[in-house]
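Here are some notes for a first look at this structure. Please keep the sequence and the 3D view open while reading.

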Amino acid sequence: MGGVSMQGKFSTRLGFILVSAGCAIGLGNVWRFPYIAGKYGGATFVLFYLLFLAILGLPIIMCELSVGRGSRMSAAGSFDTLEPKGTKWHWYKYPAIAGNVLLMMFYTTISGWMVYYFYKMVTTGFKGMDSTAISNVFGDLLNQPITMAGCMIFTVIICFGVCLMGLRNGVERITKIMMVVLILLMVALAINSLILPGAIDGLKYYLLPDWNRFVEGGAQEAIFAAMGQAFFTLSIGQGSIAVFGSYIGKEKRLMGEGILIILLDTFVAIVAGLIIFPACFSYGVDPGSGPNLLFVSLPSVFSNMPGGQIWGSLFFLFMIFASFSTVIAIFENLTTCFGELFNLKRNTVIFALIPAIILLSLPCVLGFNIWSDIHPLGGNSGILDLEDFIISNNVLPLGSLVYLTFCTTRYGWGWDNFLEEVNLGTGLKFPAWIRTYMTWGLPVIVLYIFISGYYAMFFK
């Protein structure tokens, strides 16, 4: 192995749970989950989503956390440490690290949009603008590479600055504060939305089971959407959760920790809908407007709402915390990975990564303006779409298969070692009877997600 472990350790269990959940909680919880939940029958969809979190997300999180804790290493060194002699599992470190880098090549740009909208909301509140004018704000932003690059660079520097402060004093302490404030902001925003006139209609649309909408949207499509959302919301498969397993002690079994991470992630997704749907219904705005929801529909709502500038500012502050918690977690993972890989100190790695991530993020920024003629996947696709496709449709599902196979077969770490590690300590016990499902059934589901992603991209 090329490096040595540079592990620290979380000071509290709460710190581990909040940082790990912060990695999972991201823009998809707010941007995508409420929209598809509303589209596919409200609570009907949510029930399927919760089912797939339990049977798909939780077992793979267990694999990542146990590999991290068992090896005391990130993805850069964990397979080297645990693999049987002579095997090549350690080769996966390269796609895993590349996946984390690639995710940051577009996620930092989108996080920068949140920074820009927070600034716009605080300074002008979109006062006096109709929906067309508000729509033009987003279009104008995409056509300004310098502004977008500035917001992206701000995101990179702030988030790496947190990592520079260390695991406990930076990543753990700052993420704890961000996550607590994020939850408080969500509760305040949800209460404000629920007391708006006509909010009850949005609440019914979102939370009451509607089998007709479920069937109209296509039952098979709805089930696949629930499966995909459960899978992708947790960012499983590229070692971004595993690194935090390497930072915790063996006093607690991992089952309870994984459940708490999933519950917190789900709480944020569901409460986001309580913010969005009542507000949209109250002001006659389409909540199913997809990407336009955050940058056109909701600013239109806030521009007409009493005290809208304050509520809009708080909403985009919440969005900054949701996106920054993911960026900080992935930056911490990359810092640990490169430190182990090249036997370098934390500060050395971070000062090398800051310019590297900025340069690698520029194609995504330029893909909306100077390089907007580049359509790598055909149609109206851009550079961001290509980067997202590689991560979401390739690295995450195939990486999850690697972790599953490594933990369940005798050709890898093996079931007995996995089960022993996951059940070390006190707390909820991971059941041994699930072995057959994790060895044979779950890989089939993941392969189905992988193949369906390609089918949806190129044949529909």
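**Notes on helix packing and buried residues**

1. Start where helix 4 meets helix 20. From helix 4, the residues involved are I55, L56, P59, I60 and C63. Their partners in helix 20 are Y437, M438, L442, I445, V446 and I449. Note that the model is predicted.

2. Now the geometry of that pair. Helix 20 covers residues 435–458. Its axis and that of helix 4 come within 11 Å and cross at roughly 115°. The two helices are therefore roughly perpendicular to each other. Helix 4 passes helix 20 in a left-handed crossing.

3. Helix 4 (residues 43–71) also packs against helix 18 (residues 383–408). The angle is about 70°, and the axes are 9 Å apart. That makes helix 4 roughly perpendicular to helix 18. Here, too, the crossing is left-handed.

4. Which residues make this second meeting? Helix 4 brings I60, C63, E64, S66 and V67. Helix 18 brings S400, Y403, L404, F406 and C407. I60 and C63 of helix 4 meet helix 18, and they meet helix 20 as well.

5. Helix 19 (residues 415–422) is worth a look next. Its buried residues are W415, F418, L419, E421 and V422. They cover an arc of only 165° around the axis, which puts them on the same side of helix 19. D416 and E420 are exposed on the other side. The cover over the buried residues includes helix 4, helix 14, helix 18 and helix 20.

6. Helix 8 runs over residues 145–164. How far apart are its end C-alpha atoms? They are separated by 28 Å. At 1.5 Å a residue, 20 residues should span 28 Å, so the two values agree.

7. Which residues of helix 8 are buried? They are M148, A149, C151, M152, T155, V156, C159, F160, V162 and C163. Seen down the axis, these buried residues fall within an arc of 165°, so they line one face of helix 8.

8. After helix 8 comes G166. The phi of G166 is positive, near 105°.

9. Turn to helix 14 (residues 254–282), where A272 sits. Is A272 buried or exposed? Its relative accessibility is 1%, so A272 counts as buried. Beyond its neighbours within four places in sequence, A272 is in contact with N29, V30, P34 and M186. G339 lies 67 residues from A272 along the chain, and their C-alpha atoms are separated by 36 Å.

10. I262 is also in helix 14. Its relative accessibility is 9%, so I262 counts as buried. Leaving aside neighbours within four places in sequence, I262 is in contact with L53, G57, L58, I61 and L234. I25 is 237 residues from I262 in sequence, yet the C-alpha atoms of the two are 9.3 Å apart in space.

Key
Residues are numbered from 1 along each chain as its sequence is written. This is a predicted model: local features need pLDDT of at least 70, side-chain atom pairs count only at pLDDT 80 or more; totals for chains, interfaces and linings use all residues. Side-chain values use heavy atoms; hydrogens and water are left out. Helices (H or I, at least four residues) and strands (E, at least two) are DSSP runs, numbered from the N terminus. The expected span of a helix is 1.5 Å times one less than its number of residues. Buried means under 20% relative accessible area, exposed over 50%, partly exposed in between (1.4 Å probe, protein chains only). The arc is that of the directions from the helix axis to the C-beta atoms. Axes are lines fitted to C-alpha atoms, for helices over the stretch in contact, and angles run from 0 to 180 degrees between N-to-C directions. Angles under 35 degrees count as roughly parallel, over 145 as roughly antiparallel, 65 to 115 as roughly perpendicular and the rest as oblique. A crossing is left-handed if the near helix is turned anticlockwise from the far one by less than a right angle, and right-handed if clockwise. Contact means heavy atoms within 4.5 Å.
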